[in-house]
Amino acid sequence: MMHKALSADFLKIRGKGLWLLIFSGPVGLIAMQALNYGLRYDYLMQKYTGRRWEALLADIQMFVPISLFLGVTLIPSLLSHIEHSTNAWKQLLALPISRGTVFRSKFALSIILLTASCTVLAVGIVLLGFSLRFELGDMPVGQILKLCFLPFFASLPAMALFLWLCINMKNQAIPITLGVLIAISSVFTGFIPGTLSKILPVNWPMLSIAGPKQELFVGTGFLLSMAICLLGTFHFIRKDVI
Amino acid sequence: MKEWIIETKGLSKRYKGRYAVSNLNLKIEKGDIYGFLGPNGAGKTTTIRMLLGLIKPSNGSVHIFGQPLNKDKLSILRRIGSLVEYPSYYGHLSATDNLEAIRRILGAPVARIAEVLDIVGLSKEARRPVKGFSLGMKQRLGIASALLGNPELLLLDEPTNGLDPSGILEIRELIKQMPKQHGITVLISSHLLSEVELTAGTVGIIRQGELVFQDTIAHLHQQAQGSMSLVVSEPEQALAILRSHGAQAAQSGSALLLENTGDHTIARIVKSLVEHNHAIYRVEEKRKSLEELFLQIVGEGKLS
């Protein structure tokens, strides 16, 4: 049943600009660094001799959590909007498909789209390093993959939460405002000292690539997202569709 | 024993202490076209949503195809096509893609899309994005979606909303054919009696959430009993003769009105009047129109 729902959902996002958004996020991050290096190529090459790849990754890393938070807000919102705009929920849910499947299909599609985004980022980093004539032999493939995918797992709880909110609220302004606020605050919440900083899920994407016990934040993020997804499904199944 | 396609028992929905639908006992026979009537806000859409499992009833039960809806929801929904209130569509997709999105979930054959587009007369517009469609075309697309899975039961909530007269006629003809050609049972809701009068076999009338009438349309016609009007030369004396025959008569100008009078009584009265040398100018039957009867039912909640 799941593949039927997913294939219908893939059809529905045609021509909605979702794929553009998926590509423009990572391309924007790469373009920023391309500009950085383009403006002061000689200086930066000189400064980072011997650790050029690492320096590039560190520069990109700062912007990964905020981009991810924007992505996990906007993608579920756009997906839900397709059903909200002409109240297609009543038509969709009167079809022989369980509500749980409908919810999980949207969740899976969000994951697939953002995974595509992460992949584009990884490819983009390699291409950028290549065109900046970094040493290909020194390329830290593992580091690049970690940077592109681990923060995504750590941001999944936010995605599950936003999908739940976006599906239930016809007015998307509320979840989007919340998402943008979280994305911006993620830049600053890292400065909170002590354990509180580690408890806040908004810091998990950053903690999953920087600092000790990275796997802890990836794992907890994944588990928490499953729990939220379960709660969201449970609520969606019982809800009256008006 | 009749086979009930839809049977609800004590179906109720309460919103914040107020009953939108209360104690509804619908019975819809196989192969029938059931006209579900009521003024706006009477609870028609709420009922249809409960029949589709979109809303959970506060009380009561729904059985469709003899199966309980709360247990066998998906297998029941597989056999139902529905159009609830305003048409739902994905505006950025073409008519074909809209149907394809539904087809992928239903698992119907691809060729069925062209078939249903042809049935509702949208084949020529199939490739255009639906957001440019007129309301009537969107409504037809909604009906096409409802037919896509070859349903045995169609639930149509005000399907002729927004259609022009020729569109209404087309849809009416289309609905009429359903039971005959495909054995489909149809429930069609409307706030206009004239809308379903020509198609429905049975009507249910709902008022403030309660079912106040449920019977065949023929029975409704009988309820709309007429009165006889006699126009005579000397109404005062004629009235006395009528009363001597035991008829319930009243005078209005030169006309005498008789309520609920049988053929024999009329014959005796006319004969008697002629024998008393009254000139009879007219003997007319005045039927209360169904529309008047309907308004009376939804106005008072019962038949007089």
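**Legends to close-up views of a predicted two-chain model**

**View 1. The fold of chain A.** Chain A contains 13 helices and zero strands; here helices (H or I, at least four residues) and strands (E, at least two) are DSSP runs, numbered from the N terminus. The radius of gyration of chain A is 19 Å, close to the 18 Å that the globule rule gives for 242 residues, so chain A is as compact as a globular protein of that length. That radius is taken over C-alpha atoms, and the globule rule is 2.2 Å times the number of residues to the power 0.38. The C-alpha trace of chain A spans about 65 × 40 × 30 Å along its principal axes. This is a predicted model, in which local features need pLDDT of at least 70 and side-chain atom pairs count only at pLDDT 80 or more, while totals for chains, interfaces and linings use all residues. Residues are numbered from 1 along each chain as its sequence is written, and chains are lettered from A and ligands numbered from 1 in the order in which they are written.

**View 2. Burial and contacts within chain A.** Of the 242 residues in chain A, 43% are buried. A residue is buried if 20 or more other C-beta atoms lie within 10 Å of its own, exposed if 12 or fewer, and partly exposed in between, with C-beta atoms placed from the backbone. Among the contacts in chain A with a separation of 6 or more, 82% join residues 24 or more positions apart. Two residues are in contact if their C-beta atoms, placed from the backbone, lie within 7 Å.

**View 3. The nonpolar cores.** The largest nonpolar core has 135 residues, and those with the most contacts inside it are A:Ala160, B:Ala144, B:Leu155, B:Val186 and B:Ile188. Such a core is a set of buried Ala, Val, Leu, Ile, Met, Phe, Trp, Tyr and Cys residues joined through C-beta atoms within 7 Å. Helix α9 (residues 156-168) of chain A gives the largest share of this core, 11 residues. Apart from this core lies another, of 11 residues, among them B:Leu242 and B:Ile269. Leaving aside its neighbours within four places in sequence, B:Leu155 is in contact with B:Ile48, B:Leu51, B:Leu52, B:Ile80, B:Ser82 and B:Leu187.

**View 4. The side of chain A that touches chain B.** In this view, 24 residues of chain A are in contact with 24 residues of chain B. On the side of chain A that touches chain B, α1 (2-12) and α6 of chain A each supply at least two residues. The largest share of that side, six residues, comes from α1(A). By class, that side has 11 nonpolar, seven polar and six charged residues. Ala, Val, Leu, Ile, Met, Phe, Trp, Tyr, Cys and Pro count as nonpolar, Asp, Glu, Lys and Arg as charged, and the others, Gly among them, as polar.

**View 5. Helix α5 of chain B.** Helix α5 (residues 135-147) of chain B has 13 residues and reaches 19 Å from its first C-alpha to its last, close to the 18 Å expected at 1.5 Å a residue. The expected span of a helix is 1.5 Å times one less than its number of residues. In α5(B), 11 of the 13 residues are buried, including B:Met137, B:Ala144 and B:Leu147. The cover over these buried residues includes α6 (89-92) of chain A together with β7 (80-83), α3 (95-106), α4 (111-119), β8 (153-157) and α6 (165-182) of chain B.

**View 6. Helix α3 of chain B.** Of the 12 residues of α3(B), 10 are buried, so this helix is largely enclosed by the rest of the structure. B:Ala95, B:Leu99 and B:Ile102 are among the buried residues of α3(B). Their cover includes α1 of chain A together with α4 and α5 of chain B. Just after α3(B), B:Gly107 takes a positive phi of about 75 degrees.

**View 7. Two asparagines in loops.** A:Asn87 lies in the loop between α5 (64-84) and α6 of chain A; its phi is near 50 degrees, a positive value in a residue other than glycine. A:Asn87 is partly exposed, with 17 other C-beta atoms within 10 Å. B:Asn150 is placed in the loop between α5 and β8 of chain B, and has a positive phi of about 50 degrees although it is not a glycine. B:Asn150 is partly exposed, with 16 other C-beta atoms within 10 Å.
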